[in-house]
Each structure stands twice: as C-alpha cells, then as structure tokens.
Amino acid sequence: MKLRSKDILGIKELSVEEITLILDTADSFLEVSTREIKKVPTLRGKSMINLFYEASTRTRTSFEIAAKRLSADTINISASTSSVVKGETLIDTAKNIEAMNPDIIVIRHSAAGAPHMLASLLKQSIINAGDGAHEHPTQALLDMMTIRSRKGRIAGLKVAIVGDISHSRVARSNIHGLTKMGARVFVAGPATMLPRDIESLGVVAYSRIDEAIRDADIVMMLRIQTEREKQNLFPSLREYATYFSLNRKNIALAREDCIVMHPGPLNRGVEISPDIADGPHSVILDQVTNGVAVRMALLYLLTGGGNS
Amino acid sequence: MTLLLKGGRVVDPSRKVDGVADLLIENGKIVSSGKALPKGKKSPDPEVLDLRDKWVVPGLIDMHTHLREPGFEYKETIASGSEAAVAGGFSSIACMPNTDPINDSRSVTEFIRRKATECGLANVYPIAAITVKSEGSLLSEFWDLKDAGAIGFSDDGKSVMNASLIRRALEYAASLNMPVIVHCEDKNLSAGGVMHEGAVATELGLAGIPAIAEDVMVARDLLLAEYTGAALHIAHVSTAGAVRLIREAKSRGVRVTAETAPHYFSLTDEALRGFDTNTKVYPPLRSFEDCRAIREGLSDGTLDVIASDHAPHARTDKEVEFDYAATGLTGLETSFALSLRLVADGVLAFPDLIEKMTINPARILRIPKGTLAAGADADITVIDPDREWTVDRTLFHSRGKNSPFHGWVMKGKPVMTIVGGVIRYRDV
C-alpha cells in the first residue's frame, strides 16, 4: 500500500488505511533514533526544503532531524515576514525552489490554504507543517502515534482537547484524525474560543474544562496565545489560568490512567500547571520523540517507500 | 439610422408587455412596437433584424459595478468595463466611487462621464461617495456632485459606522431626490474575517464574517430610513436575516429597495473549500440557508434588483494566499446567464427577472431607462434563450478574469446589445 496523494496537506484528506500505514511505518522508524549510529541510507540523494513563514523550533528541527537520519539533504528557508511584505509572492518563491529540483517541500505559513496553493502548482511533494488555523497534520499523526503506543488503540477512547479551539490547527487536525480512528472527541474552552458550528466536525463542545475531561483517557491541552487577551477573547491570563488550566485538582476527574498531552511550547502555569506537565501522566516529551519518527515515515512514504 | 427588429418575443415589464412583436427604431429612439410593423416612415430601407426565437427586452441595467478608473487601470478601465457591459447584455451601468481618487468631487464624476462618452459603448452613471474619501466623517458635496452627473451616493466597500452621519446623508440626499445606497457591514463584527462564519470557516480555519455583521447594519439603516422618510437602497444583500428585516420594513411602508448579486443565489460557502481566491468576496458567500432566503426574497419581491457587484481584479491581486487576496469577482459577463437560471429553477418568471434588471434599477436611480415605450431611448438587449455556452474567463472583455464560474455550462445568452439605437455588441 502507498499514499494516494503526492502531498500531505491535512488529516481531512487521509483515509483510515493511510493513517494506519503512516503510524505503522513510524513505529518501525522509531528504533533508528535509538541506535548508536542514527542514520540509514534510505533517502540518500533526496533533498527536502523547510520553507517556514512562521517561527518554529520544534517542528522545523524535527523535520530536519528526520530527513538527516534518512540521509536526505536538508535546506532551511526562514521567511520572517509574509510574502506580501517581502515583495516576492509565495508562488514565485516556490517556483524558484522548484527550479532547483528538491524532492519534498515542507511549508509552514500563517495563511490557511498556502500549502494547498503550492501543491496545486508544484510537482514536488508538499508537506503542510501548519497553515494558519487550518491543519497541522504531522502534529496530529505524532499525537495519534503517541496515543496508540500508550493505549494500544485509538478506537473507543475518550479524548478531551482543551484551550483556544478557534485558532488551533492542532485541534482541527486531531479532531479529523481521532474521529476517523474511532475515538470520541470532546473540546472545551472559553465560549469565545469555540468556533461556530464546531459540532459539525463530530465533537461535543463544552465551555468548562471539567465537563470535557471527566473520564477522559487522553487530555490534550493547547497553548494559549497571550495576544488573544487584547481581542477580548478572555478577560485576563490570570482568569484563564484559574478556570481553564489543567492542574492537580481537576485531573482527578479524568481516568486514573489518563495521559496528558501538549503540542508545545508550554505556557507553564497558564494552561497547564508545572507539576502536571512534568508529572506521571505527561507524555509531552514522548510526543516530541515520536514526531521525528512520524516525519521519517512521511518522507519515506512520499518518496516512494512502502511500494510493494 | 433605422432598425426594424422583427418577430422576437418582446418582454417589457415597464408596460407589462410580453408577446411576439416588431420594434422600430429611428434616430436612437423607439418609434413604435406592435405586430407586423411596416417599415420606417422616414428612411425607406431600415436594417431588418430577424429575431424569431429570440427574446427582446429593454437594455439591461447593472446598478452596481466597479470600473476601477481612475487609479486602478491595471484591474479595469471605463473602456474595458464598458466592453464587458455590452458583451454581458448591459446597456447601462452605474459605477461605485471607490476609485483612486475616490469619486467624492465634481472633477472625478466629470472625468468618468467624459471617459465613458469617449468610449461610447454603454451608458455609464457615476455613483458618488457619501463621505469625503469614503472615510465616514464628512459629507461630500451632494448638490455639486448631482449637478456634475452623479446619480446616487454610496460609500460602497464599507459602512458609514456613524449613525448620525448616515441620517444626515439620507435627509440631504432626499431633498435632492437622490438615492443613498448602503453597504451594510458592522466593521467591528466583521473585523479580520475573510469568509462567512460557519461550519466551513471553522473547518478551513479561516476567520469568519458573521451574518449578523450585515444584519445589524441593515436593521440600523432601515430604522434611519423609516425615521427620516428618505429612500434607502441596500446593496448586495447576502443573508437570510437581512431579507427578513427588509421584508418586514417594506410591509411597514419604509421606503427601502434592495439588490442582491448572482453569486449570492448561485454559490455558498462550500465553494471556498480548496481556497480558490476567486470565491473571496465581501459580503462573503453565505450558507445554504442564506442562499435559499435570497431566492425567496427575489421571488416574493423583497429584493428588487439583481446587480453584479462587478469587481474586477488583476491576477497579481488574486494569485496570493487566501488571507491576502483581493475581494470581489468579475461579474458583468456572467450576471445575466446566472440570473436566467432562476427562471429555469422556477424562482422567477422571465418578465419578473427582466423587471429586476431593467425598470426597477432605473426607477431606483431615477434614470429614464429600462423601458421599450415609444419615445424612449433605443436601449435594447436581445437574448437567445437556447444558446448553450461555457463560461471561459480567458474570453472575457473585462480585464478582470477573477470568476468562480469559469467552466460553468450556461443556457441562454445576451446576443445583441443596442445602445441609443446603435448595435454595440453582436454575437449572432
């Protein structure tokens, strides 16, 4: 089996079989990162470009390490400003990159749909590393990989996603992926941060954290962007931390064996209390480790691997 | 010059005429219409056009276009927009003032009229700005603008947020017997949005413009129109809420008229999946329920006019990320065929459709157009109801190729546009 599309633009477009293929492949790549010599020749002679229009440390580094461990060449392009401000359009930048014949372009952009525009214009494989508030498919895949490895399954689990759902691409991609894989997804956040008609994505929405995390197998906390305070989406960080953070008290509502996840970077003491982030339920660093394996799997599959 | 239009189905809602008839045109005017007219009296050999199986209607009027000149000639010019107009069946168009400079002065109004006369295709009626530079703080010189040839006032593209100012505009314009055309959008509610707020926006992660951003402003302006007794025209209605509010206001006797655009009854926000920037327009493409309400509003007369909101843009304005793309779609050359689908769908009878594209906009703008009565200017559109064609944006006369309808298969097309007795477009 192989992937149907040349691109990974969103979880929405992936089938259950494709997700399973990616997760299985990622499981098999996990071991490479534990070797003494953390490198296999699989993608020797291939090249991957990281085209990042938005700041990122974790995701960009993870893609770069994934490519290098597969012996691909990697190039990082950071554009600190949008294409409009910079003067060259995204399409022109992308066509110039295409002319240099890389194999895979990884793009992060603040505008939803930017990777889709490239995918329709370029022959290369495009991987969406986050587009606006739309999708962040590799994050959802590494989250599903982490859940599957900890719980042995995804189907039937109760997952709570808590925070600024409106502006979260992590939430959207996870909602698509987890519901496809048979989990029940509950979202919670201030009513001002629950996007309209969110239930149409197949979730149950609450405006209190307690209702969402009750009996949850998985509690996924989202980073709160402090600038949302100025948009009157919540009154103050203090109030948010008091009523929407995951802490020692409310975690008792979740299942005793629940796991706590966070896509990072953490606002310690805001959406998650430090003792929970570092506590026994937390799998936050596993997520980071699995992120490398998931990205190795995608690079491998998109360059023709798994073709048998 | 004499023209005899023979044997077409003549539909003229201004006189409640619908039947096969001949139409005689002399010296730019309609001389007479009737069954089997004799040839012209003055010129013995008129050009005779055999219009059997064609429909003959008053020259179509599009009361909401953007011609981009002066200032944005790379998007459209008065000449290219006029070519698009007659190719789309429109003998008369009104153009919005959001040019650069804004049409808030006699000199810009006169410039537009001069350019339109020079290219000599369609009748072009400038709409001037309500406020200086459309900044929403000071009234423009309505009286002087009227004398220069403006036929109405609008700050289209944005709402005048100051309710007191729009009240004064309504009062002052009413004293001049001029319509005020309002773009209804509360900009605090719409701020940052790029598409209709709803399930599709939530899934795509694009910032939403809620329907209430329009409804709130429609409600305010209806109350102001009721209070002042002035005539109010509401541009590009896109929501079910606005249709309901306007329906209620009309039933109370408020002097309000309203228009919608073909994209609001032809597309929904589902069209934005795939991030095609040609679907980015303000007001945004709405939900299925809104689309249905627009059709009901057209059907029951709540919405008086179909206008294209022709908004041409260059490729460079649209071939960018969705968030950064310019808003609007080019409409003059698809407006009529899309509207004709309403007849096929049973929403409107054909004469009712023609009423909304001829005599209704003429009455709202107080221009002597939209009729085939004897003595009227010979502005006539001929339609081939059976012509099947495919929208090909590369063939548009407009400089703007930004159409989400590219590739749509249409039935029915304007095939001849006569302006002042002269054939300005012919596709037969």
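User: How are helices and strands defined and numbered here?
Analyst: The model is predicted. Helices are DSSP runs (H or I) of at least four residues, whereas strands are DSSP runs (E) of at least two. Both are numbered from the N terminus.

User: In which loop of chain B does B:Pro70 lie, and what is the omega of the peptide bond from B:Glu69 to B:Pro70?
Analyst: B:Pro70 belongs to the loop between strand 6 (60-65) and helix 1 (78-87) of chain B. Most peptide bonds are trans. The bond from B:Glu69 to B:Pro70, however, is cis, with omega near 5 degrees.

User: Which residue does a cis peptide bond join to B:Asp100?
Analyst: The bond in question has an omega of about 5 degrees.

User: Is B:Asn27 buried or exposed?
Analyst: B:Asn27 is found in the loop between strand 2 (17-26) and strand 3 (29-34) of chain B. Its phi is near 55 degrees, a positive value in a residue other than glycine. A residue counts as exposed when its relative accessible area is over 50%. The relative accessible area of B:Asn27 is 57%, so B:Asn27 is exposed.

User: What is the phi of B:Lys133, and what is the relative accessible area of B:Lys133?
Analyst: B:Lys133 has its place in the loop between strand 8 (123-126) and helix 3 (142-148) of chain B. Most residues other than glycine have a negative phi. In B:Lys133, phi is positive, near 55 degrees. B:Lys133 is exposed, with a relative accessible area of 52%.

Definitions and conventions: Residues numbered from 1 in each chain as written. Chains lettered and ligands numbered in written order. Predicted model: local features only at pLDDT ≥ 70, side-chain atom pairs only at ≥ 80, totals over all residues. Heavy atoms only, no water. Buried < 20%, exposed > 50% of the residue type's maximum accessible area, 1.4 Å probe, protein only.
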